[in-house]
Amino acid sequence: MPDNSKLRSLLVDAADRGVSYREAGRERAVAPSGAAVRDARKFVEPMPVDGSDDLAVLAMLDDVGSPATMMMTSPRYFGFVIGGSLPVTVATNWLTTAWDQNVGMHEITPATSTLERVAMDWMMDLFGLPADCAASFVTGATVANFTALAAARNRVYADIGWDVEANGLIGAPAVTVIVSEETHPTVFKSLGMLGFGRNRVVRAPVDQQGRIDISRFPRVSGPTIICTQAGNLNTGAFDPVGDICEIAKPKGAWVHVDGAFGLWAAVSEQRSHLCSGFTAADSWATDAHKWLNVPYDSGIAFVRDAVALKSAMTISADYLMTDTEFRNPADFTPELSRRARGVDVWAALKSLGRNGVAEMIDRCCDNAQRFASGFREAGFEVLNDVVLNQVLVSFGDDATNRKIIDEIQAEGTCWCGVTVWQGQTAMRISVCNWSTTAEDVDISLQAILEIVDEG
Ligand SMILES: Cc1ncc(COP(=O)(O)O)c(C=O)c1O
């Protein structure tokens, strides 16, 4: 029999521990200590024969697991491109987990599928996308790219009279896929999964910032899919998507935009020019777990041609409620069963409003500028034009950069990653946490520059 008092003490204990973890955010070193990471080996044990008390399971998770985590929620975590989860989204995520809804079908999950629909419409409004686009809530930009490109595959093949879902690609006519020299690896992964092949692509040359160089764009002819990017993972630069659409759309090509984080620039008055012409594209992929700061995992694909997306993803079976007047989420996603991740997006947008989202994006970009100015004033080279939230800085040769990055990661004030940009090793800083302040930037700059000075 369920025991409500046990249920309450367990879930309240989890909430308490979660709150303590978050409260320690600014105090704890960003990276876990070597001892804490070694301690995580305590989890490694043979499959238990007998069970354990639930509170003890939770206590072990917190006592052993929490210290061994990288503090990705820290305002001074600048690795990869990782947001920090707004408190309201953690709270609504917990409640949604308690609901435990499988949001594949509308009729059995009316609350969550309605919330997802609202969140999807709000995002289309924020990005200025056509209101009749279809959208899918998926795990992240990787699967959003995959989902959008599956719709592209459907439409481009349908245009030449080939039913790719029914007949597959064996014996199918060739389709040209144009990517850029800077296309994100997840797009190649998606192309591989879709049967296009990771290597059977035409690569458009890029400029110094990693943007497609429109003057050297390959000739578009025949059935074609073009993969563009909003926000280069190193520089933050944007492809000239409007110009590409002008060339490619009259020829019937499908233009896809990977805007994992960059698409959010469309919400900022100061930065929306970076996205100019983007709404002419056919599909867009983005992440909510990056710059919208909702908990992992959360990505969204938007597709102008709802029929193409639905044809690529639709599912039907006698036991499923597929014959319905409602929009069934599973008709638009690779999965049938999944968590209601759109609720976190709804919560973030409801809590921030358009102005709050724009302010968060601008604050991150301003803090990226602050980093860049601090490094330049100290005499170091910033390798990219800081147009968004990404900063690449070099302190000297390859070995020097790697040593400084290793040392700051170990020191713990902040966490910055390493990259190689156009042959040069650099420190890569991404500012996309809602809680990062100018003071966090100054504290981080000081810690990094002290390490540089110590040589
Ligand atoms: C431009 C771009 N595309 C795709 C991805 C993949 O996103 P995810 O890891 O959320 O699937 C990233 C991740 O950083 C990215 O920067």
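## Aromatic pairs

The structure, which is a predicted model, holds 9 aromatic pairs. One of them joins phenylalanine 80 to tryptophan 415 in a stacked arrangement, with 6.0 Å from centre to centre and 25 degrees between the planes. Phenylalanine 80 belongs to the loop between helix H3 (54-65) and helix H4 (87-99), whereas tryptophan 415 belongs to the loop between helix H12 (398-411) and strand E10 (417-421), so the pair ties together parts that are 335 residues apart in sequence. The two partners can also be described by their accessibility: phenylalanine 80, at 49% relative accessibility, counts as partly exposed, while tryptophan 415, at 10%, counts as buried.

Another stacked pair is formed by phenylalanine 371 and phenylalanine 375, whose ring centres are 6.0 Å apart and whose planes make an angle of 15 degrees. These two residues lie 4 residues apart in helix H11 (residues 342-377), and are therefore separated by about one helical turn. Phenylalanine 371 is buried, with a relative accessible area of 0%, and phenylalanine 375 likewise counts as buried at 0% relative accessibility. Both residues belong to one aromatic cluster, which is formed by Phe78, Phe371, Phe375, Phe380 and Phe395.

## Overall form of the chain

The chain contains 13 helices and 11 strands. For 455 residues, a compact globule would have a radius of gyration near 23 Å, and the chain, with 23 Å, agrees with that expectation. Taken along the principal axes, the C-alpha atoms fill a box of roughly 65 × 60 × 45 Å. Among the contacts in the chain with a separation of 6 or more, 73% are accounted for by residues 24 or more positions apart.

Of the 455 residues, 51% count as buried. The chain exposes about 20100 Å², and carbon and sulfur atoms supply 54% of this area.

## Backbone features in loops

Serine 85 is placed in the loop between H3 and H4, and although it is not a glycine, serine 85 has a positive phi of about 65 degrees. With a relative accessible area of 8%, serine 85 is buried. Once the neighbours within four places in sequence are left aside, serine 85 is in contact with Arg22, Thr73, Val90, Asn293, Val294, Pro295 and Trp434.

Aspartate 100 also has a positive phi, near 50 degrees, in a residue other than glycine. Aspartate 100 lies in the loop between H4 and helix H5 (110-127), and at 65% relative accessibility it counts as exposed. A further backbone feature is the cis peptide bond that joins tyrosine 296 and aspartate 297, for which omega is about -5 degrees. Aspartate 297 is found in the loop between strand E6 (283-287) and strand E7 (299-303).

## Two residues in helices

Serine 444 is found in helix H13 (residues 438-454), where, at 0% relative accessibility, it counts as buried. Apart from its neighbours within four places in sequence, serine 444 is in contact with Arg76, Phe78, Phe371, Thr413 and Cys414. Threonine 413 is 31 residues away from serine 444 along the chain, and the C-alpha atoms of the two residues are separated by 6.3 Å.

Glycine 353 is found in helix H11, the helix that also holds phenylalanine 371 and phenylalanine 375. With a relative accessible area of 24%, glycine 353 is partly exposed. Between glycine 353 and leucine 126 there are 227 residues of separation in sequence, and the C-alpha to C-alpha distance in space is 9.9 Å.

Terms used: Residues are numbered from 1 along each chain as its sequence is written. This is a predicted model: local features need pLDDT of at least 70, side-chain atom pairs count only at pLDDT 80 or more; totals for chains, interfaces and linings use all residues. Side-chain values use heavy atoms; hydrogens and water are left out. Rings of Phe, Tyr and Trp (its six-membered ring) pair if their centres lie within 6.5 Å; planes under 30 degrees apart count as stacked, over 60 as edge-to-face and the rest as tilted. Buried means under 20% relative accessible area, exposed over 50%, partly exposed in between (1.4 Å probe, protein chains only). The radius of gyration is taken over C-alpha atoms; the globule rule is 2.2 Å times the number of residues to the power 0.38. Contact means heavy atoms within 4.5 Å. Accessible areas come from the Shrake-Rupley method with a 1.4 Å probe; for residues, only the protein chains shown count as cover.
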